[in-house]
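Here is a short briefing to read alongside your structure. Have the model open as you go through the points.

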Amino acid sequence: MAEIIQTALYELHISLGAKMVPFAGYEMPVQYTTGVMKEHIHTRNKVGLFDVSHMGQIIIRPKNGNLSDIAASLEKLIPIDIIDLPKYQQRYGFFTNNHGGIIDDLMVSNQGDHLFLVVNAGCKKTDIEHLRENLGENCKLEVLENRSLIALQGPKAEKVLSEFSNQIINMNFMDTLKIQLQGFEVWISRSGYTGEDGFEISIPNENVNEFTEHLLNNEDVLPIGLGARDSLRLEAGLCLYGHDIDQNSSPTEAGLNWAISKKRLNNGIRCGNFLGSKRILNEISNGADIKRVGIVPTGRAPMREGVKLFKDSNDTRPIGRVTSGGFGPTVEKAISMGYLETSYTKVNTKIFAEIRGKRMEAVVTSLPFTKLNFKRSN
Amino acid sequence: MKFTEDHEWLLKEDDHVIVGITEHAAEALGDLVFVELPDVGTSVSKGDEIVVIESVKAASDITAPLDGEIIEVNEQLTEKPELVNDDPLGAAWFFKMKLTDPSEIDNLMDEDTYKELIG
């Protein structure tokens, strides 16, 4: 087995009383002394600070100096509009494979002379190989091992971060900004994966401890582990790669059609011409056989990943399965996401889950479970 | 109070025992969000999985510490699973049981031995 990697913040996590667990090859804090439930609620009410340095940070530069050339190459792998992505703007997207499944979901931003990608820790290796194999000779790939990534999430995140630069308050959801601090540069995007307003901040490894400790000195900021990160993104209806989406799930099945830019769809100016476009475009027009939905158990028992779903309390043929599930501390009830045959995906459809040999009732709901609090431009 | 290796505590009360989980167990489980209790009147054997508990992290079981019959359960926990984290040694007892052989409780660990076990 490969050696487990510690992030630059490892010692800080330990000193904060973190319970460390292996995650995607990294030793990461699953919770601190505060505990998952309170960490979750704190993030929704104030500000949570997450170490997400396990995620991959990748720079793609054009050898010929022409950014639109590499944007065009990347558009073959990601069905979004990258060519016309405005400077210092970020977009959510995913690498698709030949049969229309998802290799990974990611963020991509235009940094003027290069594109900056943030990918999932567990997919990093696959993504890099995929990029090396498929991007043309003109693309120079840099995988940044010398930078950490933290996320600052919650309604007071803007107030906390604006202490470093008042330009922060002018950023909208998915804007990016580079700011110069004493001797180092931080790269900020107004984004995150909790459903709250917030920022993801890339910082050189040698400066990340000082920067993070400074943020933690603010009484509104608490360190938050992967446990609460998971329940926050579940409430926000966001997919966790490897669970809610994978190499087999298509964007339509996963309810991610919104992420595909219009320009890449039928009748768009750069329609198709990406991996798996045949299936993906067909499903966008005609629908898919299965669909990701929200599921709320009628009782209190959480319905977790892997639980099979049925149309009634007796039928033996599963109509779907749960891909993420647990307890939502903000909505104060058990919540799940999962896939169902499309004919059962109408909101308020009663379904049954089998837990410990017993059939338990649940109801199909729309996603997200909580209101998303992004700072959209007016 | 007596203790089991499965981090349960037993307290003698009249002709039966009260059973709960230790602070150590509650802390290790994390915030509880679901408790499913056995039916009153159930006959149980040592090691039977009789209570389902779920924390924010995962589902687990509480087993019968000894042979006997369930005579009362703490219904409050169904509505307020978080009590287990707040007061595991008091208000958050799980069930009361009548032991088949009441003397068996003497073979369980005392507090000092349990503390040694959990280090």
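**A covered helix in chain A**

The buried residues of H2(A) pack against strands E3 (26-31), E4 (47-51), E10 (147-153) and E14 (221-223) and helix H7 (226-235) of chain A. This is a predicted model, in which local features need pLDDT of at least 70, side-chain atom pairs count only at pLDDT 80 or more, and totals for chains, interfaces and linings use all residues. Residues are numbered from 1 along each chain as its sequence is written, while chains are lettered from A and ligands numbered from 1 in the order in which they are written.

**Helix H2 of chain A**
- Helix H2 spans residues 36-45, and seven of its 10 residues are buried (20 or more other C-beta atoms within 10 Å of a residue's own, with C-beta atoms placed from the backbone).
- Those buried are A:Val36, A:Met37, A:Glu39, A:His40, A:His42, A:Thr43 and A:Arg44.
- Helices (H or I, at least four residues) and strands (E, at least two) are DSSP runs, numbered from the N terminus.

**Around A:Ile150**
- Leaving aside neighbours within four places in sequence, A:Ile150 is in contact with A:Leu49, A:Phe50, A:Asp51, A:Val52, A:Ile201, A:Ile203 and A:Thr212 (contact: C-beta atoms, placed from the backbone, within 7 Å).

**Where chains A and B meet**
- Chain A gives 12 residues to the contact and chain B gives nine.
- On the side of chain B that touches chain A, strands E4 (32-36) and E6 (49-55) of chain B each supply at least two residues.
- E4(B) has the largest share of that side, three residues.

Note on methods
Two residues are in contact if their C-beta atoms, placed from the backbone, lie within 7 Å. A residue is buried if 20 or more other C-beta atoms lie within 10 Å of its own, exposed if 12 or fewer, and partly exposed in between; C-beta atoms are placed from the backbone.
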